[in-house]
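Reader: I've got a model open and I'd like to learn how to read its helix packing. Can you walk me through it?

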Amino acid sequence: MASTTGSERARATLAYLRRKITTGEWPVGSRIPIEPELSEQTGVGRSTVREAVRSLASMGMLETLPGRGTFVRSSAPTSTLLNEFLNDFTLEEILSYRRALEIEAAQQAALHRTDEDVAALEQAAAEEVGCTRCPVLGLAAGSDNSAFDSKFHRLVFDSAKNRLLASLYAGINDQLRTPEHRGRLANVATGTEMERDHARVLDAIRRRDFIDAVHAMVDHVDHDVVIVNDQHEVVPPLVRTPAQQQRIDDARAAEDARVEEDSRATAGNAP
Ligand SMILES: [Zn+2]
């Protein structure tokens, strides 16, 4: 790197360290090599290494504990940077972005899921039975659901096999915790609706049907987390005409019948 400028060296050092973290070579919780070693590995001065470590710390990926060393805290720069960025947007904008992420994740999950992913989703769906609402934010004020966290939704993102989607989703959920606590968000899907919605999403992912996965997730996110206005009224995210609602209800009924049939067939095949 002899002929490169200082800022190029700094960028390359930052990229080198970040890659170690994002590839898992330095797993979350592990201690990274000390400064002189990193300086040796990268061929840059210790002050450049220190600067890169500080940048990664400000992104929440590393944490330096005096006298103990520097530890990997997160494999993605979710919290600090993203949350500062999201602070400039309205709750409506953030929820609409969340909606886009959920729908894309459902689609990618149908394409990329493994059998282990399906088993994990089935398990999460089974654990939710009897919940009073979709624990999508993992808060569920006062919650009998908190133990479930947003497991089903997180597993959909895991199944999508896209680290960027998953880490943006984690950032969005962090960002929604404050408005949730302030009562600005409500979860309007009942437990029964949530179970049915999740069953449809799961069924589509299981069948690797990315079109059904999208439709099932659209239907779900439009009533799982919604905004509550200053008059304590729920603001519907999308207002549909009666004809549009009828189409959705018909599709839902057809899908329910199919899920029912599938589960009967599975039960029939059981030993
Ligand atoms: Zn849900």
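Author: Start with axes: each is a line fitted to C-alpha atoms, for helices over the stretch in contact, and the angle between two of them runs from 0 to 180 degrees between N-to-C directions. Keep in mind that this is a predicted model. Here, the axes of α6 and α7 cross at roughly 170° and come within 9 Å.

Reader: How should I describe the direction of α6 relative to α7?

Author: Angles over 145 degrees count as roughly antiparallel. That crossing therefore makes α6 roughly antiparallel to α7.

Reader: Which residues make the contact?

Author: On the α6 side you'll find Asp117, Ala120, Leu121, Ala124, Ala125 and Glu128, and they face Lys151, Phe152, Leu155, Asp158 and Ser159 of α7. Sorted by class, the contact of α6 with α7 has 6 nonpolar, 4 charged and 1 polar residues.

Reader: Okay, zooming out. What does the secondary structure come to?

Author: The protein has 11 helices and 5 strands. Of its 271 residues, 29% are buried.

Reader: And how many residues are in the largest nonpolar core?

Author: A core is a set of buried nonpolar residues joined through C-beta atoms within 7 Å. The largest one has 29 residues, and Ala105, Ala106, Ala109, Val156, Val201, Ile205 and Ala213 have the most contacts inside it. Helices α5 (91-112), α6 (115-128), α7 (151-160), α8 (163-181), α9 and α10 (210-224) each supply at least two of its residues. The largest share, 6 residues, comes from α5.

Reader: Which residues is Ala105 in contact with, beyond its sequence neighbours?

Author: Leaving aside anything within four places in sequence, Ala105 is in contact with Val156, Phe157, Ala160, Leu165 and Tyr169. Apart from this core lies another one, of 12 residues, with Leu38, Ala52, Met61 and Val72 among them.

Reader: Last one: is Ile248 buried or partly exposed?

Author: Count C-beta atoms within 10 Å: 20 or more is buried, 12 or fewer is exposed. Ile248 has 14 others in that range, so Ile248 is partly exposed. Its place is in helix α11 (residues 242-269). Ile248 and Asp219 are 29 residues apart in sequence, yet 8.1 Å apart in space, C-alpha to C-alpha.

Note on methods. Residues are numbered from 1 along each chain as its sequence is written. This is a predicted model: local features need pLDDT of at least 70, side-chain atom pairs count only at pLDDT 80 or more; totals for chains, interfaces and linings use all residues. Helices (H or I, at least four residues) and strands (E, at least two) are DSSP runs, numbered from the N terminus. Two residues are in contact if their C-beta atoms, placed from the backbone, lie within 7 Å. Angles under 35 degrees count as roughly parallel, over 145 as roughly antiparallel, 65 to 115 as roughly perpendicular and the rest as oblique. Ala, Val, Leu, Ile, Met, Phe, Trp, Tyr, Cys and Pro count as nonpolar, Asp, Glu, Lys and Arg as charged, and the others, Gly among them, as polar.
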